[in-house]
Amino acid sequence: MHPRQEVTEMFSTFAQLETDRFSKWLTDSQLRRSMQNCLSASEVSYLENFWALYWHKHWQTQSHRYASMHLSAYLQEPCYWAAQKTVTKFTNSLYSLADYFQMAIAEVEIILRDFNPEKSSNLKSYATMAMFSRLRDILRQRKEADICTNWALLRKISKKVLLEALEQAGLSQSAIAQHSLAWTCFKNLYIQKQPGGINNLPQPNRQLWEAVANSYNHLRHQLTLPTGQCKPETIEQWLTQTAIYVRAYLFPPVRSVDAFQQDDSTITLDLPNPSSPIADAIALEDIQTRQNQISQMYAVLLEALQLMDAQSQAVLKLYYQQDLTQQQIMQQLRMSQPTVSRRLVKGRESLLAALINWCQELNISVNPNQIKDMSIALEEWLRNHYGSFNMNP
């Protein structure tokens with residue numbers, strides 16, 4: 001496949017799943033024409049990471065209407081692989097691969113927000129790692145929330161989460177203020193006294209609701225639009241509904257992935273100025289320079305890895321490629337756990353030392369913050385080096 005066609009497909013196609021497996025790529029004709037128009041000018045790079053950074057810059061500045069859609073298409077593979085890894089790791093979950101894939105897609109905006117081109121060299125490999133972490137945290141939070149009663153959940157959340165949940169539910173500002181005040185009074189009075197942890201707090205009794213209502217009525221003058229006194233039953237009803245709003249906000253229902261639909265008549269295509277990629281290419285010359293430096297850095301790491309002793313290489317491979325725990329590596333290689341841990345640490349340290357030496361040879365000063373950033377880049381390189389990011393049907 002010609003590099004121009006390949007990069008066009010990367011930023012204009014979406015994965016379709018059937019029977020919980022990858023089926024095929026579906027092309028968005030508008031995104032395809034957008035990419036073809038950008039690539040039509042001569043001397044424009046065909047490197048995928050150039051265009052990933054190009055669209056990420058436009059996404060940050062909101063200077064191109066299709067930037068978010070191009071990046072969503074580009075990150076289909078990381079979403080799929082994160083979903084597949086999550087299915088493998090959490091076999092007791094009720095969610096399917098398609099569910100996890102949909103959950104991952106919903107996290108794309110957060111991944112794009114957290115990605116820093118100055119600290120992470122490759123958007124796709126960063127997204128692959130970050131997406132799995134996001135899914136893992138979501139599952140952990142959902143499991144924790146599932147065992148919470150409504151009252152324990154209301155005790156746990158912050159006021160920021162509460163207000164965002166009420167706003168998302170469509171309540172008016174006056175209703176939000178009332179529910180928020182009721183929640184504050186409830187949280188102050190519903191004290192954990194029983195053993196067993198916050199998840200096992202008992203059902204509030206009549207005495208508690210009367211105390212919460214009295215506190216609310218005493219403080220209601222603080223509201224911008226003061227209302228009449230509330231009965232305990234009203235407070236209980238408000239907070240029960242508030243808990244429902246909070247659950248819906250924190251853990252929206254997972255919908256199955258629907259087949260991608262193309263409809264050229266629904267959106268009027270607004271192609272960018274054909275000369276804009278050239279102008280941006282000139283403005284982003286530093287990206288190409290950084291890419292050259294990254295290529296040199298990877299060559300240094302590869303050489304350092306090849307010079308490492310065979311056992312250390314084996315430990316790194318099992319840890320990063322097969323995602324084994326130290327206990328599993330210990331059993332497979334017949335090593336003690338301290339030896340496995342030491343080889344992992346020493347392996348990373350030797351690779352990091354190779355990077356620092358390379359920087360010093362180029363007269364690049366290295367401070368503690370830069371070493372921290374290099375450690376992050378090193379971790380990313382190891383996972384990218386040992387991993388596979390090609391999705392085939």
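Guide: In this predicted model, the largest nonpolar core has 43 residues, of which Phe11, Trp51, Trp55 and Leu123 touch the most other members. Helix α8, residues 123-146, supplies the largest share of this core, with nine residues. Another core, of 29 residues, lies apart from it and has Trp151, Leu153, Trp183 and Tyr216 among its members.

Visitor: Which residues is Leu123 in contact with, once its neighbours within four places in sequence are left aside?

Guide: Leu123 is in contact with Asn49, Ala52, Leu71, Tyr74, Leu75, Leu112 and Phe115. His56, which lies in helix α3, residues 48-61, touches Leu71, Leu112, Phe115 and Pro117 when residues up to four places away in sequence are not counted.

Visitor: What makes His56 count as buried?

Guide: The word applies under 20% relative accessible area, and His56 is at 0%, so it counts as buried.

Visitor: Why is His2 called partly exposed?

Guide: Partly exposed covers the range between the buried limit of under 20% and the exposed limit of over 50%; His2 has a relative accessible area of 46% and is therefore partly exposed. His2 is placed in the segment before α1, and its C-alpha atom is separated by 9.6 Å from that of Tyr46, 44 residues apart along the chain.

Visitor: What makes Gln62 and Arg334 exposed?

Guide: Exposed requires over 50%: Gln62 has a relative accessible area of 72%, so it is exposed, and Arg334, at 78%, therefore counts as exposed as well. Gln62 is found in the loop between α3 and α4, while Arg334 is in the loop between α17 and α18.

Visitor: What is the phi of Gln62, and what is that of Arg334?

Guide: Gln62 has a phi near 55°, and Arg334 has one of about 60°; both values are positive although neither residue is a glycine. Most residues other than glycine have a negative phi. Thr19 takes a positive phi too, near 45°, in the hairpin of β1 and β2, which has two residues between the strands.

Visitor: How do you know that β1 and β2 pair?

Guide: Pairing needs at least two bridges, and six bridges join β1 to β2, residues 21-27, with the strands running antiparallel. Ala15 stands opposite Trp25 in β2. Strand β1, residues 13-18, is mostly covered, since five of its six residues are buried.

Visitor: Why are α16 and α18 called roughly perpendicular?

Guide: The axes of helix α16, residues 310-320, and helix α18, residues 337-361, cross at roughly 95° and come within 9 Å. Angles of 65 to 115 degrees count as roughly perpendicular, and the two helices are therefore described that way. Where they meet, Gln311, Ser312, Val315, Leu316, Tyr319 and Tyr320 are on the α16 side, and Val340, Arg343, Leu344 and Arg348 are on the α18 side.

Visitor: What makes Cys38 and Cys79 buried, and how many disulfides does the structure hold?

Guide: Cys38 has a relative accessible area of 0%, which is under 20% and so makes it buried; Cys79 is also at 0% and therefore counts as buried. The structure holds zero disulfides.

Visitor: How many helices and strands are there in the protein, and what share of the residues is buried?

Guide: There are 19 helices and two strands, and buried residues make up 42% of the 393 residues.

Conventions: Residues numbered from 1 in each chain as written. Predicted model: local features only at pLDDT ≥ 70, side-chain atom pairs only at ≥ 80, totals over all residues. Heavy atoms only, no water. Buried < 20%, exposed > 50% of the residue type's maximum accessible area, 1.4 Å probe, protein only. Helix = DSSP H or I, 4+ residues; strand = E, 2+ residues; numbered from the N terminus. Disulfide = S-S within 2.5 Å. Core = buried A, V, L, I, M, F, W, Y, C linked by side-chain atoms within 4.5 Å. Contact = heavy atoms within 4.5 Å. Axes fitted to C-alpha atoms, helices over the stretch in contact; angles between N-to-C directions. Parallel < 35°, antiparallel > 145°, perpendicular 65-115°, else oblique.
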